[in-house]
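Hi everyone, thanks for coming.

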Amino acid sequence: MTEESGEPVAAARPLIGDAEIEAAVRVLRGGRVVQGPEVAAFEEEFSALVDGRHCVAVNSGTSALHLALLALGIGPGDEVIVPSFTFAATANVVRLAGAEPVFADIEPGSFCLDPAAAAAAITPRTAAIMPVHLYGHPAAMGRFAALAGRHGLALVEDAAQAHAAELDGVPAGALGTAGCFSFYPTKNMHSLEGGMVTTADADTARTLRLLRNQGMEERYANEIVGANMRLTDVAAAIGRVQLGRLAELTEVRRANAAFLDAKITGAVPPPVAEGARHVYHQYTVRVRGDREAMRRHLDERRIGNAVYYPTPVHRLRPFLAAGRPDPRWDLPETERAAAEVVSLPVHPALTGDELARVADAVNAGGAA
């Protein structure tokens with residue numbers, strides 16, 4: 001029997017208020033709409049979030065990852081170690097740069113790339129490691145930094161889901177050679193669409209600025225081969241408003257997660273590693289029993305839910321070898337997570353009643 005209680009509880013919801021609308025209109029009325037003063041101001045303001053690093057705004061999180069690899073000189077003949085338990089963009093950009101992704105397993109205690117598994121995957125062709133701060137939980141960057149240092153590798157943070165996350169007090173985006181953020185509408189902050197690359201190296205930042213703008217710093221004085229991956233001033237203006245709200249919205253997410261941690265007994269709450277500040281882009285539980293039965297139960301109670309990610313990237317068609325997963329990729333923790341996880345609503349627009357409904361539904365589903 002289907003049980004319905006109240007309005008649907010959305011799994012995620014873009015936050016677009018009057019301030020974001022007014023910022024967009026202001027830019028549109030001003031007429032300077034691409035790669036102008038709003039982009040420059042957004043980059044400067046975002047720098048404060050990442051310990052003063054250089055920031056280069058681009059048109060998407062995928063572009064941020066792609067250009068970071070290119071700016072670091074990664075290309076044909078190189079390998080980049082990545083998790084398979086992530087969104088496909090993490091591996092796609094490696095291929096787009098002409099390099100080859102090498103998949104390594106995750107840690108069950110964080111859902112993030114396992115440094116020991118990454119160490120075992122290093123070959124003479126390895127040029128970089130690209131951990132993902134999955135769901136808003138920072139990867140074990142201290143161990144990765146030591147590993148990258150021993151082998152002379154670049155360390156690129158996929159921080160697309162980790163705005164304002166920290167590890168031992170250091171913010172995501174300031175933990176590697178480069179950090180890459182996404183401003184997709186349902187991220188912890190957004191610009192409708194956009195991305196940012198962060199780096200401590202001024203030369204790398206300049207290369208990134210050339211790459212995003214057809215290889216030009218001065219108009220028609222092309223220095224390298226580049227592309228059009230610029231951010232619009234409309235997007236940057238929205239991003240600036242969202243950035244100003246990020247601290248407040250992050251604390252709401254964390255409070256929502258704490259409520260669910262305390263109330264949920266019908267599934268295993270998200271792990272948080274020592275020293276990590278989780279910002280809960282997703283609140284992701286492990287289901288002890290039949291996940292699809294749990295999801296049907298949640299659907300019947302109109303509780304939004306999703307699986308991020310049901311198919312590990314190494315099993316997706318573009319990364320198969322002769323139509324099947326490459327036998328090199330033995331990733332048991334990845335496979336287990338992909339079979340067990342469900343993400344529940346945690347976004348800042350949730351009411352107290354909605355949070356209680358989420359917890360009650362999960363507990364009833366786990367007891368069924």
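I'll go through some salt bridges, then a pair of helices. Keep in mind that this is a predicted model.

So, how many salt bridges does the structure hold? There are 19, and I've picked three of them to show you.

Let's begin with Arg-245 and Glu-20, whose side chains meet in a salt bridge at 3.0 Å, N to O. This one links distant parts of the chain: Arg-245 sits in helix 8, residues 233–263, while Glu-20 sits in helix 1, residues 18–30, and the two are 225 residues apart. Now, is Glu-20 buried or exposed? Its relative accessibility is 2%, so Glu-20 counts as buried, since the cut-off for buried is under 20%. Arg-245 has 26%, so Arg-245 counts as partly exposed.

Next up, Glu-45 and Arg-240. Their side chains also form a salt bridge, at 2.7 Å from N to O. Glu-45 belongs to helix 2, residues 37–47, and Arg-240 to helix 8, so this pair ties together parts that are 195 residues apart in sequence. Glu-45 is partly exposed, with a relative accessible area of 32%, and Arg-240 is partly exposed too, at 26%.

Glu-79 is in strand 2, residues 79–83, and Arg-125 is in the loop between helix 5 and strand 4, with 46 residues separating the pair. Glu-79 is buried, at 8% relative accessible area, whereas Arg-125 is partly exposed, at 43%.

Together with Arg-26 and Glu-38, they're joined into one network by salt bridges that share partners.

That brings us to the helices. Two packed helices are described by the angle between their axes and the distance between the axes. For helix 2 and helix 8, the axes come within 8 Å and cross at roughly 30°. Angles under 35 degrees count as roughly parallel, and helix 2 and helix 8 are therefore roughly parallel to each other. Their crossing is left-handed.

Which residues meet there? On the helix 2 side, they include Phe-42, Glu-45 and Phe-46, and on the helix 8 side, Ala-236, Arg-240 and Leu-243 are among them. By class, the contact has eight nonpolar, one polar and four charged residues.

Technical notes: Residues are numbered from 1 along each chain as its sequence is written. This is a predicted model: local features need pLDDT of at least 70, side-chain atom pairs count only at pLDDT 80 or more; totals for chains, interfaces and linings use all residues. Side-chain values use heavy atoms; hydrogens and water are left out. A salt bridge is a side-chain nitrogen of Lys or Arg within 4 Å of a carboxyl oxygen of Asp or Glu. Helices (H or I, at least four residues) and strands (E, at least two) are DSSP runs, numbered from the N terminus. Buried means under 20% relative accessible area, exposed over 50%, partly exposed in between (1.4 Å probe, protein chains only). Axes are lines fitted to C-alpha atoms, for helices over the stretch in contact, and angles run from 0 to 180 degrees between N-to-C directions. Angles under 35 degrees count as roughly parallel, over 145 as roughly antiparallel, 65 to 115 as roughly perpendicular and the rest as oblique. A crossing is left-handed if the near helix is turned anticlockwise from the far one by less than a right angle, and right-handed if clockwise. Contact means heavy atoms within 4.5 Å. Ala, Val, Leu, Ile, Met, Phe, Trp, Tyr, Cys and Pro count as nonpolar, Asp, Glu, Lys and Arg as charged, and the others, Gly among them, as polar.
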